[in-house]
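Me: I would like to learn how to read a structure like this one. Please take me through it step by step.

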2 protein chains.
Amino acid sequence: MPRTVDREEQRRHIGTALLRLVSERGLDEVSVRTVAAAAGRSAGAVQKYFRTKEEMLAFAAELAGERVERRMAGVDASLPPRQALRALILTTLPVDAERRAEAAAQLAFAVHAAHHPRLAAIRRQVDADIRQALTAWLESAGHGAHASAVADAVIALSDGLALRMLYAPQEHEHLLTVLDHALDALLPDPPAPAPAPAPPTMG
Amino acid sequence: MPRTVDREEQRRHIGTALLRLVSERGLDEVSVRTVAAAAGRSAGAVQKYFRTKEEMLAFAAELAGERVERRMAGVDASLPPRQALRALILTTLPVDAERRAEAAAQLAFAVHAAHHPRLAAIRRQVDADIRQALTAWLESAGHGAHASAVADAVIALSDGLALRMLYAPQEHEHLLTVLDHALDALLPDPPAPAPAPAPPTMG
DNA sequence: CGCTTTAGAATACGACTGTATCTCAAAGAG
DNA sequence: CTCTTTGAGATACAGTCGTATTCTAAAGCG
């Protein structure tokens, strides 16, 4: 066997470049050639790792989903429940350059999925994973009553806020206060005796 | 002046065809030629009414926004506040074929707007209109406390639910119960003030 | 009536698309 | 070493893209 290479690592390298491209220039600037250029490869090289563009997009969508799940898993579990939930949600919002890139990619894929069954299946799986993690967390934090419904509401709220932050970055700060206000409403009483996390000053 | 035609009506005809195309096949199936075919015109005819594709997209985005605002304005204002709010939100969710088409177009434009300032400005204006209408309605319904924050939360929640409904139609029913649960949480107590003032017409 | 302006279709153009095929250097196996 | 398989780049091809230009037919106005 001649010269060989870690194929999966190469795929991730290309997938990462694709996600960067989606976040910076939008999904319809993604072509085999632009992705290759962003990855520092030739178009022919990209073709060695993805036989079709659709396969490449599906891979990148899964990669983006894994990233969100991994980052959510990394949230400090020792935080007070309310802050922990806020931290979980912040991992999905475009609060800095890196998260903005991922949020832009996630939402672009989500809209694309409305007309592409393969991407839709990936999105649903990512949603299911996040929903389960959130539900489990809510139950362990004492919000077992309608945990799964609250989890879905939180997911929808986060997606909606992220979407708007992308095209209205000037409302960024305001939307974070909206998030806090909505969380206060959705999670009525912190069961822990911890001092209530300072709600944002409304006004 | 020779043969003339209602230019604005022609533009709306083409814009309507564009929105249909976006909802049925996605924004990246939109080209001057496909829009022309969907409108029953030739590509050359479309060019007479929109000098560039970007101008055509901007027009369609405004058209879609106007439709939502108009439909929200048409919600029966005599309904009990809680049902009225639910009805307002349902005008933006893909609950039937027509609304699904509009929701798909709205979300496609929203994501597109993340990288196209002109579309972003249109989206922000539509958001501002809806937000103001919702806020006014909430205040008149006795939820004046944090009306504008609640309005933004409701908008984000609706967008997030609509997005997910598009690629997960099988979760449709479930997501409607999530909506009701979230509304219960966001609008805590039925407004006590007895003389329920007729909510203003929206828009 | 002819003249002129318009609607609308057809065509032209260069650029870009996804994908298939070809070339060539490099590196492990014998 | 040679042989052979792979990575990676280059090129080819048919199709579509947005847009500019050209054409035909029709209709209002003198």
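Me: How many salt bridges does the rule find across the interface of chain B and chain A?

Reply: A salt bridge is a side-chain nitrogen of Lys or Arg within 4 Å of a carboxyl oxygen of Asp or Glu. Across the interface of chain B and chain A, the rule finds 4 salt bridges. One of the pairs found by this rule is Asp152(B) with Arg164(A), at 3.0 Å from N to O. This is a predicted model, where local features need pLDDT of at least 70, side-chain atom pairs count only at pLDDT 80 or more, and totals for chains, interfaces and linings use all residues. Residues are numbered from 1 along each chain as its sequence is written, chains are lettered from A in the order in which they are written, and side-chain values use heavy atoms, with hydrogens and water left out.

Me: Which element of chain B gives the most residues to the side that touches chain A?

Reply: Helices (H or I, at least four residues) and strands (E, at least two) are DSSP runs, numbered from the N terminus. The elements of chain B that give two or more residues to that side are helix 1 (7-25), helix 6 (97-113), helix 7 (117-140), helix 8 (147-167) and helix 9 (172-186). Helix 8 of chain B gives the most, with 14 residues.

Me: How many residues are in contact, and what area do the chains bury?

Reply: Contact means heavy atoms within 4.5 Å. By that rule, 44 residues of chain B are in contact with 45 residues of chain A. Buried area is the accessible area (1.4 Å probe) that two parts lose on being put together, summed over both. Here chain B and chain A bury about 3,600 Å² between them, with 66% of it on carbon and sulfur atoms. On the chain B side, His115(B), Arg164(B) and Tyr167(B) lose the most area to chain A, together 19% of what that side buries.

Me: What rotation superposes chain B on chain A?

Reply: Two copies of a chain are related by a rotation about an axis and a shift along it. Copies are superposed by least squares on the C-alpha atoms of residues with pLDDT of at least 70 in both. For chain B on chain A, the rotation is 180° with 0.0 Å of shift along its axis, and the RMSD is 0.1 Å. That is the relation of a two-fold axis. The copies meet through the same surface, because 100% of the interface residues of chain B are also interface residues in chain A.

Me: How many helices and strands does chain A have?

Reply: Chain A has 9 helices and 0 strands. Its C-alpha trace spans about 65 × 40 × 30 Å along its principal axes.
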